[in-house]
Structures are given as structure tokens and as C-alpha cells.
Amino acid sequence: MAKFKKKNKASTSISVASLPDIVFMLLFFFMVTTVLREQDLLVEQKLPQASQLQKLQKKSLISYLYVGRPRNTALYGTEPRIQANDVLITTNDIVLWVNQEKDKLSEAERDQITISLKADREVKMGPISDIQFELREADARRVLYASTVKATD
Amino acid sequence: MASRMKKEAPEIPSGSMADIAFLLLIFFLVTTTIASDRGILNILPPKVDPNVPPPDIQLNERNIFNIRVNMNDQLMVENDYRDNTEGLSQEVKEFILNFGAPNEEAQALYNSLPPSLKALARMDPESSDHPMSGGAVVSIKTDRGTGYDTYLEVLDLVKRAYFEIYAERVGLTADEYRALSGDNPGEEELRKRGSADIPMAISIAEPDK
């Protein structure tokens with residue numbers, strides 16, 4: 001009987017004094033990694049998968065173009081559209097948009113601008129090649145086909 | 001007086017500290033999106049100047065590896081029909097490293113390759129002459145109706161062939177080679193040594209209108 005009593009005494013409750021510390025640690029992790037979404041997506045985004053991904057060094061050089069079917073099909077129809085910043089644009093506006101993005105960079109970095117093309121996997125090559133043609137016209141020739149990781153076999 | 005002040009020294013209750021921290025934690029958990037700026041990099045050709053006629057480049061048919069994708073996402077690789085991309089990466093690798101008719105420089109390049117890559121050289125006169133500039137080119141042509149994901153899959157496989165060759169030359173795996181950032185001189189040197197004399201010659205043709 002004495003043995004049992006001893007055992008009961010040994011099982012003290014876990015100290016919760018360090019719980020706030022643990023929570024704070026998690027909090028700081030998420031605070032540091034978080035990027036508040038600057039814009040609402042107006043188009044569907046299901047990125048394709050690829051295995052040979054590269055990471056870019058300088059984030060400031062990247063500008064994003066979103067391509068996909070509009071979410072609000074009643075307003076914008078079902079054909080793939082291009083979103084730059086907060087608005088849907090047409091292919092004709094791309095050159096103007098690229099020049100605006102280039103103006104945000106310093107002069108030395110302008111020719112290194114990279115367009116991250118975030119296109120939905122359902123999109124056909126037609127609109128993509130139109131975009132690429134306009135990007136060539138605007139002399140923004142570095143294109144990053146944004147995609148998610150696929151395991152290599 | 002002094003004793004009274006001491007008695008009233010307030011103490012902030014720290015019991016609810018954890019709750020506050022939890023609240024903040026949950027807020028950041030919900031709003032967080034771990035940023036991913038990863039993808040396949042492609043350099044587009046310069047725009048066509050209407051005043052300058054396009055350079056007349058004569059490439060022999062044997063130096064071009066043709067991949068065509070139609071609107072039903074079916075493939076035509078070197079005039080062979082197929083409906084999946086199985087083994088494409090290996091074929092591209094063999095095409096690049098064929099060394100069918102190497103000149104003097106290409107022969108020196110061949111001699112510098114590690115044995116595992118030398119083994120891939122079939123010296124087939126019907127295939128590419130050498131992998132240096134002016135030699136092997138991989139051409140991808142799509143239709144306007146081709147799915148973007150199929151195009152990316154093909155481009156991904158061709159890039160994989162190149163990256164595997166580069167990695168093999170410096171004794172790394174392809175994943176390690178791609179992760180080289182070029183931030184420090186050592187990594188930059190490795191990257192240069194891997195890709196030296198074998199440019200990534202991927203031509204992406206405009207789809208027919």
C-alpha cells in the first residue's frame with residue numbers, strides 16, 4: 001500500500017508557467033513569416049506542378065501577373081483574364097503596366113525585372129503566348145513560371 | 001506615507017498573458033501565407049525589330065530536337081507520336097551529349113566530362129553535333145489550345161535534363177545544383193563550372209495563329 005501512495009505523490013502536474021513563453025515563441029515565428037496579402041485575387045489560382053524549381057534572390061525585382069478564370073463569372077465572364085495589382089487588365093495594357101513597375105525600381109535594376117507569371121493550370125497556351133509577346137515588346141524578358149513543388153521520381 | 005506607497009504598488013495580473021498571446025497567435029496563424037517565389041525561369045527572346053531582318057541562322061535538322069504539343073496535349077517528339085512524357089528527359093540528355101561531329105573545342109569538352117556523362121555520348125551522326133553554342137538546340141512548339149500545365153511539364157523535363165548534366169559535372173545532385181544561390185564566390189564558381197560551354201539552348205516557338 002505504501003508503494004502505491006508514493007507513486008501517487010510523484011505524479012505532479014505539469015508546470016504551466018512556461019506556456020506563455022511557448023506561445024510567444026510560436027507567435028513570433030508566425031509574425032516573422034507572415035506576409036499580409038496585399039491584394040484580393042480576382043482570378044482562379046491553382047498553380048501547376050513542376051520539379052525543377054528555382055528560387056529568386058531579389059524579391060524586389062519581382063512583379064506579379066495573375067492569369068486565370070475570373071472568380072466572379074457573372075461580371076467578367078469565363079474566359080481567362082489577367083490581373084495586375086488590383087485590377088483585371090487586357091493584353092494591350094501589359095506594356096504600360098511593365099513600364100510602371102520598372103519605374104519603381106532603381107535605374108540599374110530596371111533591365112533585371114522579373115515577371116512572375118502565376119497562371120492557373122487550366123489556362124491554355126493562347127493567352128500565355130500573347131502575354132509573352134507583350135512582355136517581349138516591353139523588354140521585360142525574365143519570366144518566372146510560378147509553380148508548386150512536384151516530387152521527382 | 002512611504003509604507004502606504006509600497007503597499008499600493010500595483011501588480012499586473014499575468015494570468016491572462018497566455019490568453020492574449022493565444023489570441024495574437026491565432027490571428028497570425030489565420031492570416032499567414034508562407035510566400036513562395038519559386039518557379040521555372042525562362043528568358044524570352046528579344047523583341048523583333050522591324051527594321052532589322054531576322055538573322056539567318058542555318059541549323060542542321062540533326063541539331064534540333066523537336067518537341068511539338070498539340071491542342072489535345074499529345075506530343076510529337078522527333079516525328080514520333082506519343083501521349084505521355086515518359087523518358088523524355090533521358091532522351092533530351094542523350095541528344096545534348098551526342099557528340100556526333102565534334103570540332104576541336106567540343107572534343108576538349110568531351111574529354112573534360114566525367115565518365116558517367118561520357119557514357120551517354122552515342123556519337124550518332126544522325127543526332128546533334130556537339131552541345132556547345134551553335135550545336136544542339138531543343139525546340140518546343142505548342143498550339144494555342146495546348147494546356148499550360150502540359151507546356152510547363154515539357155519545359156520542366158527539358159530543364160531537368162540540363163540541370164542533371166550540370167550537376168553531374170560538378171559532382172552534385174540536381175537538387176543541390178539548383179539550390180546554389182550564387183551568393184558567395186564558391187557557389188558562383190561551382191555554378192559557372194557546371195554550365196560552362198553547355199548553354200541551355202531551349203527554343204520556344206510561337207504557336208501558330
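Predicted model: local features only at pLDDT ≥ 70, side-chain atom pairs only at ≥ 80, totals over all residues.
Residues are numbered from 1 along each chain as its sequence is written, and chains are lettered from A and ligands numbered from 1 in the order in which they are written.

**View 1. Overall form of chain B.**
Starting at the N terminus, the order of elements is α-α-β-β-β-β-α-α-α-β-α-α-α-β. The radius of gyration is 28 Å, well over the 17 Å that the globule rule gives for 209 residues, so chain B is more spread out than a compact globule. That radius is taken over C-alpha atoms, and the globule rule is 2.2 Å times the number of residues to the power 0.38. Along the principal axes, the C-alpha atoms of chain B fill a box of roughly 105 × 45 × 40 Å. Buried residues make up 28% of the 209 in chain B; a residue is buried if 20 or more other C-beta atoms lie within 10 Å of its own, exposed if 12 or fewer, and partly exposed in between, with C-beta atoms placed from the backbone. Among contacts in chain B with a separation of 6 or more, 70% are between residues 24 or more positions apart (contact: C-beta atoms, placed from the backbone, within 7 Å).

**View 2. The contact between chains A and B.**
Chain B gives 42 residues to the contact and chain A gives 45 residues. On the side of chain B that touches chain A, the elements with two or more residues are helix H2 (17-31), strand S1 (38-43) and helix H6 (148-169). H2(B) supplies the largest share of that side, 9 residues. By residue class, the side of chain B that touches chain A holds 21 nonpolar, 10 polar and 11 charged residues. Here Ala, Val, Leu, Ile, Met, Phe, Trp, Tyr, Cys and Pro count as nonpolar, Asp, Glu, Lys and Arg as charged, and the others, Gly among them, as polar.

Strand S7 of chain A (residues 142-146) and S1(B) run antiparallel and are joined by 5 bridges (two strands pair if DSSP finds at least two bridges between them). Leu144(A) is placed opposite Leu41(B) of S1(B).

**View 3. The open sheet of chain B.**
Five strands form an open sheet with mixed pairing, in the order S4-S3-S2-S5-S6 (chain B). Strand S4 (80-82) and strand S6 (202-205) of chain B are at the edges with a single partner strand each, so one side of each is left without a neighbour in the sheet. The twist averages 20 degrees from one strand to the next, where axes are lines fitted to C-alpha atoms, for helices over the stretch in contact, and angles run from 0 to 180 degrees between N-to-C directions. Strand S2 (residues 64-69) and strand S3 (residues 75-77) of chain B run antiparallel with 3 bridges, and Arg68(B) has Met76(B) in S3(B) as its bridge partner. S2(B) also runs parallel to strand S5 (residues 137-141) of chain B, through 5 bridges; Ile64(B) stands opposite Val137(B) there. S5(B) and S6(B) are parallel, with 4 bridges, and Ser139(B) stands opposite Ser203(B).

**View 4. The largest nonpolar core.**
This core has 56 residues, of which Leu65(A), Val67(A), Leu117(A), Val92(B) and Val158(B) touch the most other members. A nonpolar core is a set of buried Ala, Val, Leu, Ile, Met, Phe, Trp, Tyr and Cys residues joined through C-beta atoms within 7 Å. H6(B) gives the largest share of the core, 12 residues. Leaving aside residues up to four places away in sequence, Leu65(A) touches Ile82(A), Ala84(A), Ile115(A), Leu117(A), Lys118(A) and Ile131(A).

**View 5. Two asparagines with positive phi.**
Asn85(A), in the loop between strand S4 (81-84) and strand S5 (87-89) of chain A, has a phi near 55 degrees, a positive value in a residue other than glycine. Asn79(B) is in the loop between S3 and S4 of chain B, and its phi is positive at about 65 degrees although it is not a glycine. Asn79(B) is exposed, with 7 other C-beta atoms within 10 Å.

Note on methods: Contact = placed C-beta atoms within 7 Å.
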